[in-house]
Amino acid sequence: MNMQPMDNATGKIKNLAHRLQELRDATLATQQQLMERWHPHLHHRHYLPSAANLAAYIGLRRHDLRELQAALAAVGLSSLGRCEGHVMATLDAVSYALAMMNGAPPLPCPVHETSHAMQHDRLLLRHNTDLLFGKHQGKRSTRIMVTLPSEAADDHPVVRDMLTLGMDCARINCAHDTPAGWEKMVANVRQAEHETGRPCRIMFDLSGPKLRTGEIAPGPEVLHVRIKRDDLGDRLYPTRIILDGTGSPGQPATTDKLGKASPARLSVPARWLHKLKPGDKIRFHDMRKRKREFVVEQRLSVTEVQVSCEDGAYIAPGTVLERITEKKQHGQSGKTASGDFLAPPMRIHLHKNDALLLARDPSPGHAERRDKAGHILSPARIPCSEPEVFAFLEAGHAVWIDDGRIGCVIERVDAEGAWLRVTQVRPEGEHVGAQKGLNFPDSHLLLPALSEKDLRDLDFAVQHADIIGLSFVQSADDLDRLAEALKQRNAGALGIIAKIETRQAVKNLPEIIVRGAGHGPFGVMIARGDLAVEIGYERMAEIQEEMLWLCEAAHIPVTWATQVLESLVKLGLPSRAEISDAAMSGRAECVMLNKGPYILHALSVLDDIVTRMQAHLDKKTSQYRALHW
């Protein structure tokens with residue numbers, strides 16, 4: 001009676017041991033096949049053990065292990081859920097434990113070998129991370145990368161503060177600024193290294209194929225003075241404008257990439273401007289024949305005067321402006337006319353079901369055109385920066401614009417371009433602008449990862465960079481091309497980071513890793529912005545995890561990128577979700593912050609979060625420090 005439960009338990013152990021042995025044999029067979037295929041590409045032989053472990057991990061993950069994992073956990077054994085860095089050693093250790101539980105004769109215990117494999121795995125990942133990013137400073141092992149803003153070329157103190165607050169790697173985005181500006185950024189980083197005693201790697205991020213919308217035709221030459229009002233329509237505060245006497249055309253209010261706002265500027269003659277004094281009034285009739293008035297607030301410089309306006313207005317070039325002095329003695333007044341105006345791009349507003357032509361012709365885009373009866377004469381049109389892309393587009397393929405803000409489907413492709421129908425957009429619609437990202441998740445784009453511009457930028461970058469970032473990686477061949485281009489420039493020892501931002505790159509990730517790491521210092525960046533648009537936001541968390549695990553199996557450092565503490569960087573206040581995201585970024589070897597007006601505060605916050613989380617989490621393993629309630 002008492003033997004039956006024991007017999008059932010023994011049978012379960014035997015079954016588990018048999019299943020695990022079959023799994024081990026299948027894993028080993030896949031490992032051998034992959035290593036035969038990869039061996040010619042492993043130019044650095046020190047990467048052989050890591051490549052072998054990656055091959056074993058791929059072999060393991062070709063099986064659905066969920067039932068087996070649950071059964072192993074039920075008998076108190078490892079469920080294989082943390083074996084990424086040491087696959088075969090974990091399988092051997094669990095097999096040994098099952099054999100002992102099954103009453104096998106004494107066997108050599110693999111505990112020493114397993115422990116050595118686990119320690120070696122950590123050392124390999126740490127070694128490869130140090131090769132790419134340099135040795136970590138202080139308590140935090142996760143590095144912080146920061147995208148340098150344009151201002152970093154001329155503002156040395158802010159670069160020094162970045163290093164002081166924890167920046168380990170400075171990213172220079174080659175899609176922006178110029179070599180002259182990059183050179184100044186590099187000089188500021190190197191000087192800040194010397195002043196702070198903190199080393200900092202520099203990554204030049206090649207822009208790759210610019211899958212973006214092209215230019216948009218300018219709108220009407222009109223300065224629209226907008227007034228901020230409350231929910232009841234009452235004026236909140238006047239709008240401020242700069243009267244500009246330099247001779248430069250006027251321009252609308254702008255907001256730069258750091259979120260800094262600049263008021264609109266209206267061009268006026270310098271001699272007339274020179275007579276203005278605080279308190280003077282300037283009267284005019286706008287384009288709608290409405291009486292309007294500026295009040296002079298202060299003189300900013302010899303050629304700049306700040307005025308305020310209490311009411312909205314439309315001001316065209318040639319608008320007559322009359323100066324009225326505060327006392328108007330002897331009928332003192334003076335008239336002039338406003339000068340030229342630099343018109344902003346035409347506003348292309350799209351709603352659901354609207355048509356949009358993504359054009360082959362690079363001429364500037366425009367909004368839809370209608371006749372007097374409101375009938376559409378021609379739909380909205382915007383050019384594509386890469387005309388080669390049209391060879392890979394087909395009807396039915398999805399197109400996403402501006403980080404997924406506008407979703408479209410291709411209805412047809414012809415000599416003019418791709419005719420799109422807007423399928424997803426906010427209820428109030430969305431504006432499409434120039435230089436906005438384009439994603440084609442259903443299209444297999446065979447575009448070169450290195451453009452002519454990239455090669456020119458590389459000529460400059462190899463003189464200053466520690467790391468080269470490769471955008472729009474599609475296949476392992478792209479890594480070979482970059483490695484060859486670096487060798488031609490006597491820079492073969494530079495580190496490489498492959499940015500994973502497309503479906504094709506995710507599919508080819510194992511080969512990309514092996515080819516990249518086979519050349520030298522190498523890492524992967526999860527470019528979560530474009531990748532989320534490509535694979536769908538609902539799959540982003542899942543794919544992100546799988547990529548982290550795959551890179552851990554390959555002992556390759558990962559950079560967690562895109563929109564980390566985005567609200568904090570741009571607006572000065574983080575969301576709760578962003579804090580959780582930043583906390584989870586500590587599982588990667590590096591986390592990247594984008595530029596913004598509050599970047600220094602964000603750096604300080606991220607440094608604190610990642611340092612704290614290091615005591616709680618090591619990759620997938622929870623760290624149980626003592627708690628005191």
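On a 1 Å grid over the protein atoms alone, a cavity is a set of points where a 1.4 Å probe fits but cannot get out, a pocket is an open set with protein on both sides within 12 Å along at least five of seven lines, and lining residues have an atom within 4 Å of a point. The structure examined here is a predicted model, in which local features need pLDDT of at least 70 and side-chain atom pairs count only at pLDDT 80 or more, while totals for chains, interfaces and linings use all residues. Residues are numbered from 1 along each chain as its sequence is written, and side-chain values use heavy atoms, with hydrogens and water left out.

Two cavities of 30 Å³ or more turn up in a search of the whole structure. A volume is the space filled by probe spheres set on the points, with grid points joined across faces, edges and corners. The second largest cavity holds about 50 Å³, and its lining consists of Glu 545, Leu 548, Trp 549, Glu 552, Arg 587, Lys 619 and Lys 620. The largest cavity holds about 60 Å³; His 46, Asn 128 and Phe 522 are among its lining residues.

Now for an open space.
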